[in-house]
Amino acid sequence: MIQAFGLTSNPRKELPPAVEDVSFEARAGRVTALLGASGAGKTTALRLMLELQRGRGLTYFRGRPLHRIAHPSREVGVLLGDVPGHPARTVRGHLRMLCAAAGIPVRRADEVLESVGLVSLRDERLGTLSRGMDRRLGMACALLPDPHTLVLDDPAGALGARETHWLRDMLRDHAGQGGTVLFSTADPKEAARAADHVVTLERGRVVADQTAADFSRTRLRPRVAVRSPHAVRLAALLTKEARSARRSVEVVRESGNRLAVYGSTCADIGETAFRHGILVHQIADETGDMGPGAHTVPAARQQDVTDSRGAGPHLSPDGDDSRRPGGPPSALAGPRQSSADADPPLSDEAHLRADTTQPPGGEAGPGGARPRLAADDSPPSSGETRTAGTNRRPFGGVPQRSPRKAASSLPPPVSVRSAPSPLRPLRYELRRATGISTGFVTGAVVLVVSAVTAVVLARVGHTPQPRLLAAWPRELPLPPAALGAGLLGALAFGDEFRHPALAADRGTVPRRMGLLTAKLLVSAATALLLAALTVGCDAEALRLFYGQELARAPADWPALSAGWFGLVVGCAWSGVLAAGVFRSTTAGLAAVVAVPVLVVPLVQEVWEGPSVRTAAGLPMRVREVLLTQWPFGGERYLAEVLRMIVQPVGSALTLSLTTLLCAYLLVTLRSRVR
């Protein structure tokens, strides 16, 4: 069950809030539609409920606010817009990655694929899916952790009849199993067909809260659907007879040979067709739309709403300005038409039924008194209907707040909270890194460029053998392997922000230590593998072209290997940390290149500048202080590592990593404090 109280968005400069004091309920076991035209505030209300946008208000999901739920994705399945994810990832790979993020067994991905009918497309790329298949994948992502509640923003938008019918059945099945379904739509017919309860928004306020049957009876115009090969002639005859009889009939020509007739009956249309000898293939009653002008607000009503927000002088005793003598008609009923083919507005009795309709069970709806919001976010007790300084107001009315209670009756603020870290971060990162071909292509390019560079350097000469094996010319700041490792490290976080698979329901990519540790481990393993393969490929290329002499291992290969691996891993970590701080792959790669181009000369200038004392014997003194002798000659390797660190390149890389790590921790702590 969803309970929303006082949802109000922050004002937008000089414009009023997109959503103001929206309260409603979506009960378990039912499908609830949030209906409104474009700009009515549907998406803003959903984002406030999900704590994705700042504002005021409170929303309970089965009695708890979202920020007090340990694993929100297991309680609320969300689909807002298109499915986020890398376009080169497969459908099955994307779901398996989300399984690791949600901490659920991987077999759940195959079960959901079967339930949404995507088994045959499990190896298709996300970027090749059609609109209908993308909607199915979005439902699969929402249903993956088996949540109790579904919150969907216009799920049937731009779908065909077949996909729309499938979506309705899916929502009905979820609600039939005891779940709660809330979806937004701008189509009143879709709301009437797919939902059990309809909450209508207009200009950011709740104007009606009704069951689907009451909504269809009081808000939608009945119509007659007619199919005839002589549709144009029949439409002209119906319009002519309506004008002669001075009846309000509207004839709308639809696709093909189909007509939609408002304000008439099947009997009258059939008699007209029979008298004039017109063949009719189909004639049936249907539920129509909300009438012309249903989603537009007349200028007079806009002025009334503007005035009512100040002091409400134009409101009638029951709170509805559309029934004042001489007042404008309700926007939902459509403006009055004087022509013969116009549809008359709803009667006052129908308006009264729509205004006073309450949710099942006799509880006060959003038009009545709503529970007072406590500061401790505790849900209201059953049957509690204490007022909070707000008078009862049907749709179109404005709450009248007491000056003393205005501050105390305001709902609590809505704070934007980042997404939780993956529950299985290492497994998630492995599937993320191996799910697309970017890493493999980058590694292949690095190996080819390194081998070619090593062969060319050996032919030119004047290059030491260690640099030949690393394919590292003196003119370049970094070898190809280090640049490739830095690029892969930058992609580890950069793609996360560009294609935020973790942010499907939260809006921001999390900066958590668990996720960072997993990315550092995977990037380090990738960098070590790339470094070893680069040296092996370069040695084999040199042996093939110039013989065994250039392919021999140097005498001091342990120290050189430690320095080589440290350089490549350091570049990979710099890319990861910089991309995580600046949310960009380009920034991550720029940080990698900045180490030898900018930081190394600076450190070298400081290290080699005039000084009274130097740290020339630092490795030997550290070894004497920290240990006497390691097994298997470990003190020799430690001395080599310390000697590498005191070099300008090692010092610059260590300094850069330390700075980026501190910046990452600062950004992480700042996001948690907010």
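Buried here means under 20% relative accessible area, exposed means over 50%, and partly exposed lies in between (1.4 Å probe, protein chains only). A contact means heavy atoms within 4.5 Å, and the helices (H or I, at least four residues) and strands (E, at least two) are DSSP runs, numbered from the N terminus. Before going on, please keep in mind that this is a predicted model, in which local features need pLDDT of at least 70 and side-chain atom pairs count only at pLDDT 80 or more, while totals for chains, interfaces and linings use all residues. Residues are numbered from 1 along each chain as its sequence is written, and side-chain values use heavy atoms, with hydrogens and water left out.

Let us stay with α9 for a moment. Helix α9 covers residues 231-245, 15 residues in total, and reaches 21 Å from its first C-alpha to its last, close to the 21 Å expected at 1.5 Å a residue; the expected span is 1.5 Å times one less than the number of residues. Which residues of α9 are buried? They are Ala 231, Leu 234, Ala 235, Leu 237, Leu 238 and Ala 242. Seen down the axis of α9, these buried residues fall within an arc of 165°, so they line one face of the helix; the arc is that of the directions from the helix axis to the C-beta atoms. In general, an α-helix has 3.6 residues a turn, so residues three or four places apart point the same way. On the other side of α9, Val 232, Lys 240, Arg 243 and Ser 244 are exposed. After the helix comes Arg 246, whose phi is positive, near 55°.

A salt bridge is a side-chain nitrogen of Lys or Arg within 4 Å of a carboxyl oxygen of Asp or Glu. Arg 223 counts as buried at 6% relative accessibility, whereas Glu 254 is partly exposed at 25%.

A search of the whole structure finds 19 salt bridges. In another of these, the side chains of Arg 135 and Asp 82 meet at 3.8 Å, N to O. Arg 135 lies in helix α5 (residues 131-143) and Asp 82 in the loop between β5 (76-80) and α3 (91-102), so the pair ties together parts that are 53 residues apart in sequence. Arg 135 counts as buried, at 3% relative accessibility. Asp 82 and Arg 135 also belong to a network of salt bridges that includes Arg 131 and Asp 134.

A further salt bridge joins Glu 429 and Arg 432, whose closest N and O atoms are 2.7 Å apart. Both residues lie in helix α13 (residues 425-434), 3 residues apart, about one turn of the helix. Glu 429 and Arg 432 are both buried.

Now for some backbone angles. Most residues other than glycine have a negative phi. Glu 51, although not a glycine, has a positive phi of about 60°. Glu 51 is found in the loop between α1 (42-49) and β4 (55-61), and is buried with a relative accessible area of 7%. Ala 471 likewise is not a glycine and has a positive phi of about 55°. Its place is in the loop between α15 (465-470) and α16 (480-498), where Ala 471 counts as buried at 0% relative accessibility.

Val 452 is found in helix α14 (residues 438-460).

Finally, step back to the whole chain. The chain has 22 helices and 14 strands, and buried residues make up 48% of its 674 residues. Its accessible surface comes to about 32000 Å², of which 57% belongs to carbon and sulfur atoms; accessible areas come from the Shrake-Rupley method with a 1.4 Å probe, and for residues only the protein chains shown count as cover.
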